[in-house]
Every structure is written in C-alpha cells, then in structure tokens.
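Please read them with the coordinates open.

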Amino acid sequence: MIFHADHFDYVLVGGGLQSGLLTLAIHHHQPSSRVLMIEQESELAGNHTWSFHPNDVPKTAKSWLSPLIAHQWEGYQVRFPKFSRHLHLTYACCTSERFRKVVGSHFLNSSSVLLTSTKVDSISDTNAVVKNGNVYHGAVVVDCRGPSSIGATDVGMGYQKFVGLEIELEQDWPDSQPTIMDGCTDQIDGFRFVYTLPFSKRRVLVEDTCFSDRSEINRTEHIDRIKSYVGDRVAGSWRVLREESGCLPMPFSAAFLPRATRPLSGGYAGGWFHAATGYSFPMSIRFAEAVAKVSPENAWHAVEELAIRHRKRAIFSRFLNGLLFRLVRPDTRWQIFRRFYRVLSEDAIARFYSHEFTSMDATRIVVGKPPAGLTPWRFLRTRKAMVCPSTVL
Ligand SMILES: Cc1cc2nc3c(=O)[nH]c(=O)nc-3n(C[C@H](O)[C@H](O)[C@H](O)COP(=O)(O)OP(=O)(O)OC[C@H]3O[C@@H](n4cnc5c(N)ncnc54)[C@H](O)[C@@H]3O)c2cc1C
C-alpha cells in the first residue's frame with residue numbers, strides 16, 4: 001500500500017558526499033528547514049578519503065565546511081621523471097568517519113530525519129518512493145545517488161581507478177606533506193602514479209592510481225605495487241589499517257555534463273564532477289551553496305545558473321580527457337601531467353582543480369610541445385571522437 005509518510009523542505013536521496021554537503025549548507029543558510037536524507041546502506045558516506053584545496057572553498061561555505069576537515073597540510077609535491085615540484089597550496093582531506101560524525105550530528109537535534117538501510121526505488125520533482133512503498137514528499141527532491149547511478153559506459157570515457165591502503169609503519173614516513181602524483185613508477189595500463197597522504201609520521205594513505213582505458217580493477221596488482229613502493233621508501237614492517245578503492249569515469253564525450261535536471265540531481269548523479277580529475281568535492285560544494293541559499297522552490301533555477309557557468313569548463317575538461325585517452329599512447333600519458341605541473345603557476349593549478357580555470361589557463365594547458373607519439377596527423381584523424389575545444393577557447 002502506498003501512503004504519504006511525511007513532508008519535508010528537502011528530500012535528499014543517497015547519503016554520500018553531495019547530500020552530506022547539502023545537509024550542512026541547508027542547515028547553515030536555512031536553519032529552520034526540514035531535511036530528509038535517505039541512504040540504502042546501514043551508515044552514511046561509504047569508505048572514502050576525499051581531498052580538496054580548502055582555498056577553493058567559497059567564503060560563505062567556509063564555516064559550515066571546516067568541521068569536515070580531518071587533516072590539513074600547507075603544501076604538497078608532485079614527482080615525474082626528471083621533474084619534481086613543491087606546491088605551496090593548502091591541501092586537506094575529509095574521511096568518511098569524520099563525515100558521518102559531522103553530518104550525522106545534524107540529524108540528532110533538529111526536526112530533520114535520517115533514514116538508513118532504506119533503498120529509494122523512484123523519484124519525481126517532489127516525491128521519493130522507497131522499497132516498502134512509502135512516499136516521502138519534499139518541496140524539492142535531490143537525487144544524490146552517486147557514480148553508480150550514471151550507468152552507461154559506452155559513451156566515450158576513460159577511467160581513474162585506484163586502490164589505497166591506510167597503513168601503520170614501524171619507521172617514520174620520509175615526507176611530512178602529501179605527494180599527490182608520484183609518476184616515477186612503471187607506466188603500465190595508462191598513466192600510473194602513487195598518491196600518498198601522511199596523516200602522521202607513522203600513518204599514511206598510499207594509493208596506486210591509473211588513468212586507464214579499462215574499468216576493471218586488478219586489486220592484487222595494485223596491492224603489489226603499493227607494497228613495492230612502500231618498501232622502496234621506508235624500512236621496517238607495516239600493517240594495513242584500512243583499504244579503499246574506486247573507479248571514476250573520465251568522459252571525453254559530452255555525456256554527463258553538469259546540468260539542471262528534473263528532478264534535480266547533485267554530485268556524480270548530476271554530472272557535478274571535474275571530468276579531468278574525477279574529483280567532485282569542489283563542484284559539490286558549489287552545488288550545495290547554490291541550492292541552500294535559495295528557497296526549495298527556486299533551487300532548480302539556481303542550479304541551472306550554476307550549470308551554465310560551468311558548462312564551457314566541463315566541455316574543455318572532456319576535451320583534455322579526449323587528448324589523454326584517444327590521442328596519446330598509454331605509456332606516454334604521464335608527459336601531459338608533467339607538462340601541466342611544469343608550465344602552470346600555482347594559482348592556475350588551484351583554479352584548474354576547483355573547476356574555475358580561465359580561457360588563458362586552458363590555452364596554457366594545451367599549447368606547447370606535444371607528448372611523444374602525438375603528431376598533427378594523428379590529432380586530425382581522431383579528434384572527431386572528442387568534444388571540440390573550439391567552443392571554449
Ligand atoms: C575511494 C574514492 C576516493 C575519492 N576521493 C576523492 C577525492 O579525494 N576528492 C574528490 O573530490 N573526489 C574523490 N572521489 C570522487 C567523488 O568525490 C566521490 O565518488 C563522491 O563520493 C561522489 O559523491 P556523490 O555524493 O555523488 O556519491 P556518493 O558519495 O557515492 O554517494 C551516493 C550515495 O547514494 C547511495 N545510494 C545509491 N543508490 C541509492 C538508492 N537507490 N537509495 C538510497 N541510497 C542510494 C549510496 O549508497 C551512496 O551512499 C573519490 C571516490 C572514491 C570512490
């Protein structure tokens with residue numbers, strides 16, 4: 001039997017990054033609003049370490065976002081063959097554990113409601129229908145069901161896949177700051193790098209990442225590479241505290257552009273991610289701010305404005321993915337990233353990660369000596385498969 005269980009200002013479907021950010025932003029900008037969050041799993045936020053540049057966070061979001069920061073560093077480095085660079089850009093991360101604590105507390109002392117272990121079957125602009133037939137009504141419903149909900153993989157895309165181990169060491173880790181790309185590793189299955197976040201001297205997240213043409217994750221191979229990387233960097237034994245993994249789409253067609261849909265979709269479900277980095281944190285903050293600063297009835301218009309603002313950049317990021325996955329040989333892909341860190345200023349790098357880059361930044365990224373194997377002839381032959389950059393530059 002179907003019945004209307006309750007009425008809310010906002011019904012957020014999914015209990016991951018986007019809906020958590022929305023909850024915090026709504027409670028900040030509209031403290032009396034009632035939010036319902038519905039998550040299919042028994043707890044929120046999965047198993048992630050989300051990193052971002054805190055300086056990209058809009059001023060109005062800083063106060064509600066700062067409790068999410070579990071670790072912060074005043075800079076980080078990148079390494080490639082014959083090139084390394086230290087960047088003075090603040091870098092921070094939020095763990096699922098921290099996220100559950102901060103977001104979960106907003107449901108304890110308010111009229112907002114969190115439903116876990118509840119799968120949503122269908123949604124409309126104002127209703128979410130859960131598996132047992134209950135219908136939850138909101139002035140606006142936002143679909144935040146994440147990467148798995150964007151489905152089709154035959155639309156032209158590469159993949160960012162990774163396995164990470166959070167480890168506890170017997171000896172001190174040599175770096176006190178993150179290395180967000182160590183490309184001095186064997187280039188197998190695309191651009192390959194190791195990412196490290198030192199949470200303390202003896203606790204580090206080490207991720208083996210690959211920008212690959214294929215989505216399958218070979219866990220054993222990733223773990224073997226992590227073991228050998230850690231062994232090369234530090235003596236003594238270590239033990240695994242936690243493991244995380246993921247495969248994020250990196251589209252190079254016009255699919256999954258950030259958009260204002262009906263019903264509204266946020267996070268990965270709505271295309272609110274950076275196609276060239278796979279990161280969604282910066283875009284999800286902007287989406288949350290746009291929705292939370294207006295009444296629920298005006299949320300769609302606010303998101304439409306945001307989508308228009310980000311559209312050209314989203315097309316350009318897809319063009320970059322096209323270059324990477326269609327034009328450049330897998331074993332030379334790393335040269336694109338080395339060049340990126342070699343030629344761009346710190347400000348331009350920060351703007352790129354936060355999806356706020358300018359036309360000048362875009363020109364700087366693509367104009368210059370091409371990676372080995374990328375000839376003008378090869379470019380002309382294959383560019384049809386990609387989004388065309390002439391709409392941007
Ligand atoms: C391991 C990992 C690390 C990442 N690291 C970073 C990073 O450092 N920085 C960054 O910016 N991005 C990162 N990303 C990319 C991206 O930010 C994350 O994937 C992010 O969690 C996406 O947010 P989302 O809200 O769209 O989806 P999710 O966070 O995946 O949330 C979706 C939620 O919806 C729930 N759900 C799905 N279907 C239903 C349903 N029918 N009913 C009810 N609930 C449902 C899911 O269980 C899930 O909890 C990472 C991704 C992964 C996988």
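**Notes on the model**

1. The C-alpha centres of domain 1 and domain 2 lie 22 Å apart. Domain 1 covers 1–154 + 252–393 of the protein chain, and domain 2 covers 157–251. These bounds come from an automatic or database domain assignment. This is a predicted model: local features need pLDDT of at least 70, side-chain atom pairs count only at pLDDT 80 or more, and totals for chains, interfaces and linings use all residues. Residues are numbered from 1 along each chain as its sequence is written, and side-chain values use heavy atoms, with hydrogens and water left out.

2. How many residues of domain 1 are in contact with domain 2? The count is 42 residues of domain 1, against 35 residues of domain 2. Contact means heavy atoms within 4.5 Å. The size of an interface is often given as the accessible area lost when the parts come together. Here domain 1 and domain 2 bury about 3,200 Å² between them, with 58% of it on carbon and sulfur atoms. In domain 1, Trp-73, Arg-79 and Phe-325 lose the most area to domain 2. Together these three make up 20% of what that side buries. Buried area is the accessible area (1.4 Å probe) that two parts lose on being put together, summed over both.

3. Next, a helix pair. Two packed helices are described by the angle between their axes and the distance between the axes. The axes of α6 (residues 299–327) and α9 (residues 359–366) come within 12 Å and cross at roughly 5°. The two helices are therefore roughly parallel to each other. The angle classes are: under 35 degrees roughly parallel, over 145 roughly antiparallel, 65 to 115 roughly perpendicular, and the rest oblique. Axes are lines fitted to C-alpha atoms, for helices over the stretch in contact, and angles run from 0 to 180 degrees between N-to-C directions. Helices (H or I, at least four residues) and strands (E, at least two) are DSSP runs, numbered from the N terminus.

4. Which residues make the contact of α6 with α9? From α6 come Phe-316, Phe-319, Leu-320 and Leu-323; from α9 come Ala-362, Ile-365 and Val-366. The contact has seven nonpolar residues, no polar and no charged. Ala, Val, Leu, Ile, Met, Phe, Trp, Tyr, Cys and Pro count as nonpolar, Asp, Glu, Lys and Arg as charged, and the others, Gly among them, as polar.

5. Look at α7 (residues 334–343). Seven of its ten residues are buried, so α7 is largely enclosed by the rest of the structure. Buried means under 20% relative accessible area, exposed over 50%, and partly exposed in between (1.4 Å probe, protein chains only). Among the buried residues of α7 are Arg-338, Arg-339 and Tyr-341.

6. Val-78 lies in β5 (residues 76–80) and is buried at 0% relative accessible area.

7. Arg-192, in β14 (residues 191–200), is buried with a relative accessible area of 0%. Not counting residues up to four places away in sequence, its contacts include Asp-182, Asp-186, Asp-208, Glu-221 and His-222. His-222 is in α4 (residues 219–233) and is buried at 2%. Leaving aside neighbours within four places in sequence, His-222 contacts Lys-161, Phe-162, Val-163, Arg-192, Asp-208, Cys-210 and Ile-217.

8. Backbone checks. Most residues other than glycine have a negative phi, and most peptide bonds are trans. Ala-45 has a positive phi of about 75°. Ala-45 sits in the loop between β2 (35–38) and β3 (49–52) and is buried at 5%. Ser-117 has a positive phi of about 50°, in the loop between β8 and β9. A cis peptide bond joins Arg-262 and Pro-263, with omega about -5°. Pro-263 is in the loop between β16 (238–251) and β17 (264–265).

9. Thr-118 lies in the loop between β8 (113–115) and β9 (120–123). At 16% relative accessibility, Thr-118 counts as buried. Neighbours within four places in sequence aside, Thr-118 contacts Ile-38, Glu-39, Gln-40 and Val-130.
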